[in-house]
Amino acid sequence: MRNIDARLRSLIVALFDVLAVAVCWLAAYVLRFNFTVPEDFLASGLVALLWVLPIHAVLFRVLGLYRGIWLFASLPDLMRILKAIGLSAVLVVVGAMMAGLNPPVPRSVFVIAPILLLLAMGGSRAAYRVWRERQRYGALMAAGKPVLLIGAGSAGMNVARELRRSAEWRLVAVLDDNPNKHGRELLGYKVVGGIDELEHWAGVFKARHAIVAMPSATPAQQKRALVACMEAHVKAQVVRRIGDMMSKDAGAVALREVELEDLLGRDPVRIDSAPIGEMLQGRCVLVTGAGGSIGSELCRQIARYAPDRIVAYEANEYALYRLVEDCNEQFPDVKVIAVTGDVRHETWLDAVFAQHKPDIVFHAAAYKHVPMMEEDNAWQALRNNVLGTWRVGRAAVRHGVPRFVMVSTDKAVNPTNVMGASKRLAEMLCQHLQRGASGTRFECVRFGNVLGSAGSVVPKFQAQIARGGPVTVTHPEITRYFMSIPEACQLVLQAATMGEGGEIFVLDMGEPVKIVDLARVLIALSGATEEQIPIAFSGLRPGEKLYEELLADDEHTRPTHHPKLRIAKAREADAGRVAEIIDWLERDVVRTQYEVKRELRRWVPEYQPPAAQLIDLAAQGRRKA
């Protein structure tokens with residue numbers, strides 16, 4: 001029945017178009033002769049319809065004019081009409097020449113008739129669409145929650161078109177920073193002013209919601225719009241990208257909630273995929289700490305380059321299970337081999353390397369939580385981060401792995417805590433291994449905090465906000481560098497393609513962010529105010545410092561061909577002392593916090609614990625003596 005209805009509708013539309021051809025052809029004569037057509041010209045014009053009508057009817061069908069739906073008539077439909085009318089006009093001229101009418105068809109008719117026909121066919125379709133939309137959605141346009149639209153470009157036009165059909169939303173005004181658009185209209189909605197006026201117009205229209213339709217804007221421009229929404233206490237949503245399809249109610253433009261990364265204002269990381277693909281495609285890649293935040297994302301990024309297999313080495317059984325399930329779902333064609341194990345277990349590492357013969361190792365396994373590793377767990381932090389790195393690195397050398405990449409941290413620069421000092425010592429041991437390695441390239445990559453990682457403040461703040469607060473920040477002036485996990489992993493892979501051996505790569509982390517500002521942003525994103533969810537300052541935790549650095553004072557850097565990556569020249573470990581370090585770490589004894597920090601101060605001269613700790617260490621030393 002539906003097919004019969006569709007064919008009947010197409011037939012009606014085709015008959016309408018043929019009738020329009022006849023009317024426009026005769027109307028062209030009327031205009032040509034100023035509304036008084038001589039009888040002989042009228043007669044020849046009627047004879048000409050014998051080929052004018054069939055030519056148009058056939059071309060309209062052949063060129064697909066009846067595949068479109070009038071309710072959704074748009075530019076592609078108009079272009080098909082234009083093409084069909086133009087081609088028909090040419091054939092009509094040819095037919096008139098062959099027919100040899102007397103009197104002949106006036107030349108102006110060949111021009112006037114197609115113009116009138118284009119107006120008739122295009123206008124009728126546009127009028128029908130307007131009528132049907134008002135019939136279907138007219139009642140909705142006055143209903144729904146008022147919403148402001150930020151951005152009067154092509155994405156904004158798509159959003160405005162969809163909001164006209166929404167029962168949930170009512171578009172009340174458009175904002176754009178381009179002064180040439182102020183006072184104009186976007187699909188009937190007025191562009192009332194710039195983004196700086198958002199708070200004013202939100203009050204005028206009592207709008208508590210906004211849609212930011214600026215997918216091609218710079219991160220800084222998008223951040224400015226979102227900050228304006230936050231300051232006006234307007235909840236914002238963001239258009240994902242041009243061409244995506246939208247929310248459940250509006251159906252054709254993809255919207256998402258505002259994310260923390262949007263408010264950092266960072267330029268997106270661009271990587272050169274060709275060398276990464278060359279490095280990874282068809283290779284066996286081993287990732288230690290594969291179940292962690294960085295390790296798991298590294299596995300996902302690596303899987304995109306079609307490796308032969310990924311060996312996921314992880315001590316946490318459940319984290320490893322989740323990783324493998326996720327990779328199998330996202331990348332069913334990539335083989336992921338789950339290996340449970342401790343990076344300090346030398347015999348097991350040898351067995352794994354011998355069995356799988358990796359071509360590249362990404363060493364992401366580490367204890368990273370600064371306060372937790374600072375006191376009661378200092379010995380385990382040192383053994384895991386330093387001895388674990390040494391043993392994985394030595395296994396790579398013994399088994400001829402061409403490339404070894406260690407994931408390091410900005411806390412290794414002028415470290416004030418055990419975690420940072422242990423990672424700095426691990427870097428030094430990698431450089432020492434490079435000097436003695438015959439075929440393995442050792443590289444280290446430093447970066448700061450990653451948003452959303454297991455140890456990040458972001459999940460902690462979000463949990464505190466969900467409980468109603470307070471949000472606890474250690475110090476009002478504490479700052480950190482932040483990067484998203486995918487960004488960091490992309491740059492780790494990029495750095496891996498550049499190293500010749502022994503380098504420490506430093507990522508451009510952008511500008512440092514105050515943690516208290518981060519807390520305020522998360523509170524605002526939740527829709528609350530600081531009066532509802534207060535911020536409390538709890539004091540610096542053990543081993544924590546106010547500011548992180550990416551380069552030590554005595555280090556020099558040189559650029560690479562990637563703007564987000566530089567190479568640091570850092571002091572290397574004394575070859576004679578390495579054996580002493582490893583011997584001390586391998587002894588089957590339990591070391592106290594005092595012993596760990598004492599030896600770290602000897603091995604890592606940059607390590608400077610806070611003054612109170614130095615006094616305490618000195619006192620413990622005197623008691624030991």
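1. Two strands pair if DSSP finds at least two bridges between them. Helices (H or I, at least four residues) and strands (E, at least two) are DSSP runs, numbered from the N terminus. On these terms Ile211 stands opposite Gln237 in β6. Strand β5 (residues 209–212) and strand β6 (residues 235–239) are paired in the parallel sense over four bridges.

2. This is a predicted model, in which local features need pLDDT of at least 70 and side-chain atom pairs count only at pLDDT 80 or more, while totals for chains, interfaces and linings use all residues. Residues are numbered from 1 along each chain as its sequence is written, and side-chain values use heavy atoms, with hydrogens and water left out.

3. The sheet is open and has seven strands in the order β3-β4-β2-β1-β5-β6-β7, with mixed pairing. At its edges stand β3 (185–186) and β7 (255–257), each with a single partner strand, so one side of each is left without a neighbour in the sheet.

4. A search of the whole structure finds 23 salt bridges, a salt bridge being a side-chain nitrogen of Lys or Arg within 4 Å of a carboxyl oxygen of Asp or Glu. One of them joins Asp196 to Arg224, with the closest N and O atoms 2.9 Å apart. Asp196 lies in the loop between β4 (189–193) and α6 (198–204) and Arg224 in helix α7 (residues 219–231), so the pair ties together parts that are 28 residues apart in sequence. Asp196 counts as exposed at 67% relative accessibility, and Arg224 as partly exposed at 35%.

5. Arg300 and Asp326 form a salt bridge through their side chains (2.7 Å, N to O). Arg300 belongs to helix α9 (residues 293–303) and Asp326 to helix α10 (residues 317–330), so the pair ties together parts that are 26 residues apart in sequence. Arg300 counts as buried, with 18% relative accessibility; Asp326 is partly exposed, with a relative accessible area of 23%.

6. A further salt bridge is formed by the side chains of Glu477 and Lys514 (3.2 Å, N to O). This pair links distant parts of the chain, 37 residues apart: Glu477 is in the loop between β15 (471–473) and β16 (479–480), and Lys514 is in strand β19 (residues 513–514). Glu477 is partly exposed at 35% relative accessibility, and Lys514 is partly exposed at 29%.

7. Salt bridges also link Arg577, Glu580, Arg598, Glu599 and Arg602 in a network.

8. Helix α8 (residues 273–280) packs with helix α16 (residues 485–496) at an angle of about 75 degrees, their axes being 9 Å apart. Axes are lines fitted to C-alpha atoms, for helices over the stretch in contact, and angles run from 0 to 180 degrees between N-to-C directions. The two helices α8 and α16 are therefore roughly perpendicular (65 to 115 degrees) to each other. Contact (heavy atoms within 4.5 Å) is made by Pro275, Ile276, Met279 and Leu280 of α8 and by Gln490, Leu493, Gln494 and Ala496 of α16. The contact residues divide into six nonpolar, two polar and no charged.

9. Met372 is placed in helix α12 (residues 370–374) and counts as partly exposed at 47% relative accessibility. The C-alpha atoms of Met372 and Val418 are separated by 9.9 Å, the two residues being 46 residues apart along the chain.

Methods:
Buried means under 20% relative accessible area, exposed over 50%, partly exposed in between (1.4 Å probe, protein chains only). Angles under 35 degrees count as roughly parallel, over 145 as roughly antiparallel, 65 to 115 as roughly perpendicular and the rest as oblique. Ala, Val, Leu, Ile, Met, Phe, Trp, Tyr, Cys and Pro count as nonpolar, Asp, Glu, Lys and Arg as charged, and the others, Gly among them, as polar.
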